Amino acid sequence: MLTGAVGVFSKFVGPITIVPLLILLTMSTVPTLDEKLSLHWISIVMVLVLIVVVIYLDDVHLPIPTGIRPFRVTRVRVFGQFPYLISVCSVWLLCLILTLTGAEPEEGEARVDKAATMRVLTESPWVQVPYPGQFGTPRIDIGLMCGFMASAVSSVIENLGSYAMAARVSEQRRPPRSTVNRAIIVEGLGSMIAALFGVCSGVTTYTENIALIHITRGLRNKEPFTTARKMLADAAENWMWPVESRCRSLALCSLDWDCSRRRAAALLASIPDPVLGGVLLMGMSMIGGVAMAQLQLIDLRVTRNIAIMGMSMMLGMVIPTHFEKNPLNTGNPTLDSTLNMLLTIKMLCGGGIAFVLDNTVPGTVARSIDNCYSIF
């Protein structure tokens with residue numbers, strides 16, 4: 001990252017690599033989605049509410065008072081601006097009603113006062129200052145390290161496509177390579193800080209937000225001004241900060257959030273799992289939509305492109321499935337653990353195959369993100 005290798009690497013990563021990778025990402029969540037959605041019928045309600053709010057009510061403008069003297073009313077796309085917040089709060093309120101009225105049995109999946117949830121809520125401190133190593137001395141496992149490195153490489157490839165798509169949908173110029181390098185550096189440092197303070201997830205670009213740019217757009221007098229463009233313009237200014245300054249800010253924000261999040265996180269833990277399953281379904285659908293949007297950058301009339309994408313997606317599913325059922329056994333536990341972990345990651349297998357084929361099979365020149373973006 002510090003050497004600028006990601007900027008050079010982006011020259012060889014194009015939509016033919018990104019599309020299979022994102023599709024395999026969405027498909028890899030199917031078992032989790034099935035597990036969460038099958039817990040309770042409230043998950044169906046969550047999905048239906050999201051469909052109504054995100055799709056049907058996207059362009060509905062509600063009158064909102066904006067002044068008293070003189071009295072003025074402004075029509076605002078409330079549903080389009082806050083689709084997930086409105087949907088989750090509505091179904092969460094329904095679960096609360098089911099809990100208070102006793103319609104949901106004790107320890108039912110739609111209850112908000114399950115024993116584990118209440119224990120987390122009551123035992124969580126109001127304020128807790130995090131510090132490095134509070135969960136014990138870090139341990140190194142070669143297999144896990146290789147697995148996380150493979151996930152990080154897949155995430156970098158996904159992020160390269162996210163940056164280009166964010167710039168494109170918000171009608172901004174594509175970020176230069178130096179900016180892409182800094183963005184990846186900050187994501188890596190953010191993940192290191194998160195691990196240092198015991199946060200169980202890293203820092204990365206969330207592809208679903210690219211799709212949300214389309215949903216939360218803001219139009220005024222038919223001018224091509226969008227909230228996404230303003231967001232990207234602000235981000236462009238922030239990208240120019242020195243890396244050291246941004247890292248200090250990131251560390252302070254991480255500390256401040258971790259100090260005040262304990263009870264808030266415990267309260268969010270009362271959201272039933274089926275509700276979260278419905279949110280995850282819509283989120284993965286958005287990521288799949290972003291993958292489909294990348295197809296407009298690919299010439300689907302060329303057999304080469306179709307064959308590479310189809311082969312990479314099929315092998316990306318077949319290879320992990322095979323090694324899940326028939327794990328390698330070389331006699332070296334560390335090597336077995338490492339290889340089995342790598343070979344069961346669908347994104348890595350499919351994305352790696354697409355990357356190799358796209359850069360070795362003769363074909364179109366406009367292969368990289370930069371060249372594909374310049375077409376438009």
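In which hand does α3 pass α14? Keep that in mind for the second stop.

**Before you start**

This is a predicted model, in which local features need pLDDT of at least 70 and side-chain atom pairs count only at pLDDT 80 or more, while totals for chains, interfaces and linings use all residues. Residues are numbered from 1 along each chain as its sequence is written, and side-chain values use heavy atoms, with hydrogens and water left out.

**Stop 1: the whole protein**

Show everything as a cartoon. The protein has 18 helices and two strands. These are DSSP runs numbered from the N terminus: helices are H or I with at least four residues, strands E with at least two. Of the 376 residues, 40% are buried. Buried means under 20% relative accessible area, exposed over 50%, and partly exposed in between, using a 1.4 Å probe and protein chains only. Now consider contacts, meaning heavy atoms within 4.5 Å. Among contacts with a separation of 6 or more, 76% join residues 24 or more positions apart.

**Stop 2: α3 against α14**

Axes are lines fitted to C-alpha atoms, for helices over the stretch in contact; angles run from 0 to 180 degrees between N-to-C directions. The opening answer: α3 passes α14 in a left-handed crossing. Left-handed means that the near helix is turned anticlockwise from the far one by less than a right angle; right-handed means clockwise. On the α3 side, pick T32, L33, K36 and L37. On α14, pick D273, P274, G277, G278, L280 and L281. By class, that contact has five nonpolar, three polar and two charged residues. Ala, Val, Leu, Ile, Met, Phe, Trp, Tyr, Cys and Pro count as nonpolar; Asp, Glu, Lys and Arg as charged; the others, Gly among them, as polar.

**Stop 3: α4 against α6**

Next, select 42–56 for α4 and 83–101 for α6. Their axes come within 9 Å and cross at roughly 150°. This crossing is right-handed. From α4, show I42, V45, M46, V49, L50, V53 and V54. Facing them from α6 are P83, Y84, S87, V88, V91, L94 and C95. The contact has 13 nonpolar, one polar and no charged residues. Stay on C95: it counts as buried because its relative accessibility is 0%.

**Stop 4: the cores**

A nonpolar core is a set of buried Ala, Val, Leu, Ile, Met, Phe, Trp, Tyr and Cys residues joined through side-chain atoms within 4.5 Å. The largest has 26 residues. Start with V6, L22, V180 and I184, which have the most contacts inside it. Then colour α2 (15–28), α8 (142–169), α9 (177–196), α14 (273–294) and α15 (303–325), the elements that give two or more residues to this core. α2 gives the most, with seven residues. A second, separate core of 14 residues includes M46, V54, A110 and V275.

**Stop 5: two single residues**

Where is V60? Look in the loop between α4 and β1 (62–68). V60 counts as partly exposed because its relative accessibility is 28%. It touches V76, R77, V78 and F79, not counting residues up to four places away in sequence. Finish at M192, in helix α9. M192 is exposed, because its relative accessibility is 56%. From M192 to G202 is 10 residues in sequence and 7.7 Å in space, C-alpha to C-alpha.
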